[in-house]
Amino acid sequence: MKKLKIAAIITAAATLCGCSAGGNSGFESSSGSSDITSEISSVQFETSSVSPVPDTPYLEYLGCLDINSLEGTKMYLADYAANAEGTVITREYVSPRNLALRLSERISADLSPDICDKVDQSFPYLMSRNNYEDLTPYIDISAPQWDNYSDYIERFSLNGAHYFYPTRVTVSPRVLVYDKTRLANIGLPDPAKLYKEGGWNRSALENILLYTGGVGGGAVLENFLAAAGVPVVSAGEQGFTANIDSEEFAATALFVNKNYVNVDVSALQNGNFAFYSADVKTVSEIREKYPESGFAIVPFPASENETSYYIAESEGFLVPRRAKNIKGAASFINCARIAEKNAEDEYSGLLPEDTEMFRLIRENAAENTIFIGSYCLDSSANIQTERLFNEIYTDKNLSENWESLSGEISPILTRSVTALNESLK
């Protein structure tokens, strides 16, 4: 079995590539470097010597991002393409859902782009199919922009090959917003205080929900599964495992089914329910909209296990197999990471206690992180996973239907995972 270096990966139909919705079909030219060199005066690291200097700066990009708007792109153009003529980076727009197919078509036709988006099935499925280049010889992780990222890079390696150098990793991107004042008035404990004292778990949350209502917001199921340490598919030294048959997975699915409420954040202000799943940006918007509220934040609670797990999201690029300019792509990835490191303070618009909690959560996460990957298996397994998540959110009789639902889906996931493990031997 090839060595797997990732703690866990979750299959979740609700999480897709974080690209902008717009875009044009066909190829689209990027801007040249002449109009952006003055925009990067605050760069903290020199980009020279952090990767082999490319023989040519010209790159082809396949994906859904507005590549021109990225600070890393501006840095790359200024440092490696200052004297280049014409279009330096060309783009073929493709949606996240269609990227894998289009990438395969271009590789087969020996028309591989130089860089492409990391989509959720990149690890492990597309990596196991040898769709990407090993970047180990091209990127020096001892460079300052990769400080504290070596563990993340190793988690995405297969058999010693390092295909993915994430430009950004966000641990616990979502938290639960709750009305601290309301809970105090009812005589219920403060979840943030429970968390700091080691008493924040699903039982504590269930006790509060008896008096206050449910949980709304985004990615609720994904986060509860991660907090319980039971993603749909997990990975370890011996290979990948589907977890749908585990008691903990079933208990978490039924808990979410019982307590999920499809409402927007205004219901929290109105006192109609207790908790709302929100990312940093949404918490900031809540603070701006409701400055006098008694809201506070807390991470998703662990199950009854002693270990608390935290979900993590990764962003970045990959270099497709047969890329013509691997050195240039590696330099681009280095620039993208430097730009992200320069902009990593994401706590603007929050109250001091919010910032304190986010930092505490991320300090506590340590190595107990579970990475999200929405479509990490083959198409049949992905379709069934999407179905599974939809049923968990919507089936009002799930407690009665769970055995038959899981019994139908489990063999499909198991076959897919078995095939994946066989391909890695």
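Buried means under 20% relative accessible area, exposed means over 50%, and partly exposed lies in between (1.4 Å probe, protein chains only).

**Overview. The whole chain in a predicted model.** Of the 425 residues of the protein chain, 54% count as buried. The chain holds 15 helices and 15 strands. Both are DSSP runs, numbered from the N terminus: helices are H or I with at least four residues, strands are E with at least two. Contact means heavy atoms within 4.5 Å. Among contacts with a separation of 6 or more, 83% come from residues 24 or more positions apart. The chain exposes about 18200 Å², and carbon and sulfur atoms supply 45% of that area. Accessible areas come from the Shrake-Rupley method with a 1.4 Å probe; for residues, only the protein chains shown count as cover. This is a predicted model: local features need pLDDT of at least 70, side-chain atom pairs count only at pLDDT 80 or more, and totals for chains, interfaces and linings use all residues. Residues are numbered from 1 along each chain as its sequence is written, and side-chain values use heavy atoms, with hydrogens and water left out.

**View 1. Strand 7 and its two partners.** Two strands pair if DSSP finds at least two bridges between them. Strand 7 runs antiparallel to strand 11 (residues 275–279), joined by 5 bridges. Here valine 175 has alanine 278 as its bridge partner. Strand 7 also runs antiparallel to strand 12 (residues 295–298), with 4 bridges. There aspartate 179 is partnered by phenylalanine 295.

View 2. Helix 12 covers residues 326–342, 17 residues in total. From first C-alpha to last it reaches 24 Å, close to the 24 Å expected at 1.5 Å a residue. The expected span is 1.5 Å times one less than the number of residues. Of the 17 residues, 13 are buried, so helix 12 is largely enclosed by the rest of the structure.

View 3. Ile186, Leu210 and Tyr211 make a nonpolar surface patch of about 350 Å². Patches are made of residues with over 30% relative accessible area and no salt bridge; like charges are joined within 9 Å, nonpolar side chains (Val, Leu, Ile, Met, Phe, Trp, Tyr) within 5 Å. Tyrosine 211 lies in helix 7 (residues 202–212). Tyrosine 211 counts as exposed because its relative accessibility is 55%.

**View 4. Salt bridges.** A salt bridge is a side-chain nitrogen of Lys or Arg within 4 Å of a carboxyl oxygen of Asp or Glu. The whole structure has 14. In one of them, lysine 193 meets glutamate 197 at 2.6 Å, N to O. Lysine 193 is partly exposed at 48%, and glutamate 197 is exposed at 55%.

**View 5. Links between helices.** Glutamate 248 forms a salt bridge with arginine 202, with the closest N and O atoms 3.5 Å apart. This pair links distant parts of the chain: glutamate 248 sits in helix 9 (residues 247–259) and arginine 202 in helix 7, 46 residues apart. Glutamate 248 is partly exposed at 23%, whereas arginine 202 is buried at 8%. Arginine 387 and glutamate 408 form another salt bridge, at 3.1 Å between the closest N and O atoms. They join helix 14 (residues 379–394) to helix 15 (residues 398–423), 21 residues apart.

**View 6. A salt-bridge network.** Glu60, Glu92, Arg102, Glu105 and Arg106 are linked in a network of salt bridges.
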